[in-house]
Amino acid sequence: MATFVVLAVVMVVGALGVVLLKQPVHAALSLVGTLLALAVTYVTLEAHFLAAVQVIVYAGAIMVLFLFVLMLLNVQDAGPRRSLPGLRWAAYAAAVVTATAIAVVAFWDGRPAPDPAIVSLHLQGGSAGGIGDALFGELLLAFHLVGVLLLTGVIGAVALVQRRAESAHGAPKGGGLPGGRTAAAGGARALGSGGPR
Amino acid sequence: MNVPTDAYVALSGVLFAIGAMGVLVRRSAIMVFLSVELMLNAANLAIVAYARHWAGFDALAGLTGQTVVFVVLAVAAAEVAVGLAILIAIFRDRASTDVDGLAEVRL
């Protein structure tokens, strides 16, 4: 129980840092701390493979991508410029009410925790082998769909960036685009600066 | 010693609410995105907690729950890549990611 309390405090403080810290880089690093504490929480929940993946993919790859973009764009907090003065405090109050309501409802249930011996026997520590069995058995369709989704994401990201690379190397000719690239460039033009104004 | 599932779910709810608060109060689109990541992870924590709970009754249910979290991680990775690319495109056009003035992405 002590482990859970320490982890919960670390995660809630880190989450509040994500929301409240002024500097975007500080907020991102605060989220890294929260995600690492979440990985430790996965270990306490007998999900060891997920804990490793959480550290590698989330705290590693995704947050590095976030920090890279933050430093590339040099995002600054522009200071208070409010049109609705009470909105911030209304949002805080709504969040606190929602959090306490969900927490109370969750605690109200009061089912006992499962027997840890049976859980350990069934989950086998959340090993990669067991997860692989479920992934290629019951969730095979989800596996295929995620593959398609990742391919779509790669193509979309490349299409968005490629338009920028062309316009950086001189004015793009209207009809000079090679065949097969026009669809992606047309999709990106709605967001880009090279489109007709 | 054996922490009940309700405690994990309550922690997940609190984290989700804090993330929702971040989406509401932050003005930079990147900060909104960061808060959405927090909400995704809160949901993942709830799924893993319930997976442990149901593993007390059925081995396949527990492992399937953990695998769902694995799939959600892959989806989140794709979402971050495309979302950050869109944000960079918007930033190069407007030199700002303030969500108050983002009318171009409207259909």
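What share of the contacts in chain A between residues at least 6 apart in sequence join residues at least 24 apart? The share is 56%. The legends below describe close-up views of a predicted model.

**Figure 1. Chain A is built from eight helices and zero strands.** Along the sequence the pattern of chain A reads α-α-α-α-α-α-α-α. Of the 197 residues in chain A, 25% are buried. Among contacts between residues at least 6 apart in sequence, 56% join residues at least 24 apart.

**Figure 2. Helices H1(A) and H2(A) cross at roughly 155°.** Their axes come within 8 Å. An angle over 145 degrees counts as roughly antiparallel, and H1(A) and H2(A) are therefore roughly antiparallel to each other. The crossing in which H1(A) passes H2(A) is left-handed. On the H1(A) side, the contact is made by A:Thr3, A:Phe4, A:Leu7, A:Val10, A:Met11, A:Gly14, A:Ala15, A:Gly17 and A:Val18. These meet A:Ala27, A:Ser30, A:Leu31, A:Gly33, A:Thr34, A:Ala37, A:Leu38, A:Val40, A:Thr41 and A:Thr44 in H2(A). By class, the contact of H1(A) with H2(A) holds 11 nonpolar, eight polar and no charged residues.

**Figure 3. A:Glu46 sits in the loop between H2 and H3 of chain A.** A:Glu46 is not a glycine, yet its phi is positive, at about 60°. Is A:Glu46 buried or exposed? A:Glu46 is buried, because 23 other C-beta atoms lie within 10 Å.

**Figure 4. Chain A meets chain B through 78 residues of chain A and 67 residues of chain B.** On the chain A side, the elements that give two or more residues are helices H1 (2-20), H2 (24-44), H3 (48-73), H4 (87-109), H5 (116-123), H6 (128-135) and H7 (140-168). The side of chain A that touches chain B has 59 nonpolar, 11 polar and eight charged residues.

**Figure 5. Helix H6(A) packs on helix H3(B) at an angle of about 85°.** The axes of H6(A) and H3(B) are 9 Å apart. H6(A) and H3(B) are therefore roughly perpendicular to each other. H6(A) contributes A:Gly130, A:Ile131, A:Asp133, A:Ala134 and A:Leu135 to the contact. H3(B) contributes B:Leu63, B:Thr64, B:Gln66, B:Thr67 and B:Phe70. The residues of the contact of H6(A) with H3(B) comprise five nonpolar, four polar and one charged.

**Figure 6. The largest nonpolar core has 72 residues.** Those with the most contacts inside this core are B:Leu15, B:Ile18, B:Ile30, B:Leu34, B:Leu45 and B:Val48. Setting aside residues up to four places away in sequence, B:Ile18 touches A:Ala15, A:Leu16, A:Val19 and A:Ala95 of chain A, together with B:Leu38 of chain B.

**Figure 7. Helices H2 (residues 29-55) and H3 (residues 59-94) of chain B pack at an angle of about 175°.** The axes of the two helices are 8 Å apart. The angle makes H2(B) roughly antiparallel to H3(B). From H2(B), the residues in contact are B:Ala29, B:Ile30, B:Phe33, B:Leu40, B:Asn44, B:Ile47, B:Val48, B:Tyr50, B:Ala51, B:Arg52, B:Trp54 and B:Ala55. Their partners in H3(B) are B:Ala59, B:Ala61, B:Gly62, B:Gly65, B:Gln66, B:Val68, B:Val69, B:Val72, B:Ala76, B:Gly83 and B:Leu87. This contact of H2(B) with H3(B) has 17 nonpolar, five polar and one charged residues.

**Figure 8. B:Val32 lies in helix H2 of chain B, and B:Val99 lies in the segment after H3 of chain B.** B:Val32 is partly exposed, because 17 other C-beta atoms lie within 10 Å. Not counting residues up to four places away in sequence, B:Val32 touches B:Val23, B:Arg26 and B:Val99. B:Val32 and B:Thr64 are 32 residues apart in sequence, and their C-alpha atoms are 31 Å apart in space. B:Val99 also counts as partly exposed, with 15 C-beta neighbours inside 10 Å. Which residues does B:Val99 contact, leaving aside its neighbours within four places in sequence? They are B:Arg27, B:Ala29 and B:Val32. The C-alpha atoms of B:Val99 and B:Ile30 are separated by 9.3 Å, with the two residues 69 apart along the chain.

Methods. Residues are numbered from 1 along each chain as its sequence is written. Chains are lettered from A and ligands numbered from 1 in the order in which they are written. This is a predicted model: local features need pLDDT of at least 70, side-chain atom pairs count only at pLDDT 80 or more; totals for chains, interfaces and linings use all residues. Axes are lines fitted to C-alpha atoms, for helices over the stretch in contact, and angles run from 0 to 180 degrees between N-to-C directions. Helices (H or I, at least four residues) and strands (E, at least two) are DSSP runs, numbered from the N terminus. Angles under 35 degrees count as roughly parallel, over 145 as roughly antiparallel, 65 to 115 as roughly perpendicular and the rest as oblique. Two residues are in contact if their C-beta atoms, placed from the backbone, lie within 7 Å. Ala, Val, Leu, Ile, Met, Phe, Trp, Tyr, Cys and Pro count as nonpolar, Asp, Glu, Lys and Arg as charged, and the others, Gly among them, as polar. A residue is buried if 20 or more other C-beta atoms lie within 10 Å of its own, exposed if 12 or fewer, and partly exposed in between; C-beta atoms are placed from the backbone. A nonpolar core is a set of buried Ala, Val, Leu, Ile, Met, Phe, Trp, Tyr and Cys residues joined through C-beta atoms within 7 Å. A crossing is left-handed if the near helix is turned anticlockwise from the far one by less than a right angle, and right-handed if clockwise.
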